[in-house]
Amino acid sequence: MNILIIYTYPNHQSFNYAILKAVQENLSKNHNVNTLDLYEEQFDPVLQFDDTHKRRDLSTVPDIETYRNLITRADHIIFIYPIWWSGMPAMLKGFIDRVFTAGFAYSYGKRGLIGHLQGKSAWIITTHNTPAFLTPFIQDYGKVLKNQVLKSCGIKPVTHTQLADTENSSDEKRRRFLDKIADIAGSI
């Protein structure tokens, strides 16, 4: 299987980086795994529309072709990122805006969007500082990426694993979470 990991966190000394390592180290060696670190890559998340940058041309912008190819080749996409201000980091949102575009990831049909990325699955891994009992009542926290983006583009199933109250979690709780991540990664 071709697996693409999209990692979005600016610090390689972080718990999110430990999650990335747990995923990478526990995926089967039979898989072809590519990791896209958006901060290390210095991905430009700024979407531009003007006389030379037309919205209708986003699916063919040359500087995004590498990313479209990575998405196209992937059978399974793993997203690892923190929840900031109830949603994904701006870097990842910009990546979604610039790469998952009409004409590439979806098109418009009479009854809504037609996903062009069928046959792919995804796993979203998030961390945040909100207590777990509150997250079902909060608008985003990974739900937008899962339901409004990936599923609309034809990617399913999409699973979501999250560690709540990360900043206040004990070393033991973090270790158990990393063990859980390792187990899930090992089962892919």
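Me: Which residue in strand 6 is the bridge partner of isoleucine 78?
Reply: This is a predicted model, so keep that in mind as we go. Strand 3 covers residues 76-82, and seven bridges join it to strand 6, with the two running parallel. For isoleucine 78, the bridge partner in strand 6 is tryptophan 123.

Me: Is strand 6 largely enclosed or open, and how many of its residues are buried?
Reply: Let's check both sides of the strand. Ser121, Trp123, Ile125 and Thr127 point one way, while Ala122, Ile124 and Thr126 point the other way, and all are buried. That's why strand 6 is largely enclosed by the rest of the structure: the number of buried residues is seven of the seven.

Me: In strand 7, what is the bridge partner of threonine 127?
Reply: Strand 7 (residues 158-163) pairs with strand 6 in the parallel sense, over six bridges. Threonine 127 has its bridge partner there, and that residue is leucine 163.

Me: Does asparagine 16 count as buried or exposed?
Reply: Asparagine 16 is found in helix 1, which spans residues 15-26. Its relative accessibility is 4%, and the cut-off for buried is under 20%. So asparagine 16 counts as buried.

Me: With which side chain does the side chain of asparagine 16 make a polar contact?
Reply: Start with what asparagine 16 touches, leaving aside its neighbours within four places in sequence: Tyr7, Tyr9, Ile80, Tyr81, Pro82 and Thr127. The polar contact between side chains comes in at 3.0 Å, and the partner of asparagine 16 in it is threonine 127.

Key: Residues numbered from 1 in each chain as written. Predicted model: local features only at pLDDT ≥ 70, side-chain atom pairs only at ≥ 80, totals over all residues. Heavy atoms only, no water. Helix = DSSP H or I, 4+ residues; strand = E, 2+ residues; numbered from the N terminus. Buried < 20%, exposed > 50% of the residue type's maximum accessible area, 1.4 Å probe, protein only. Polar contact = N/O pair within 3.5 Å; in protein donor to acceptor, adjacent residues only side chain to side chain. Contact = heavy atoms within 4.5 Å. Pairing = 2+ DSSP bridges.
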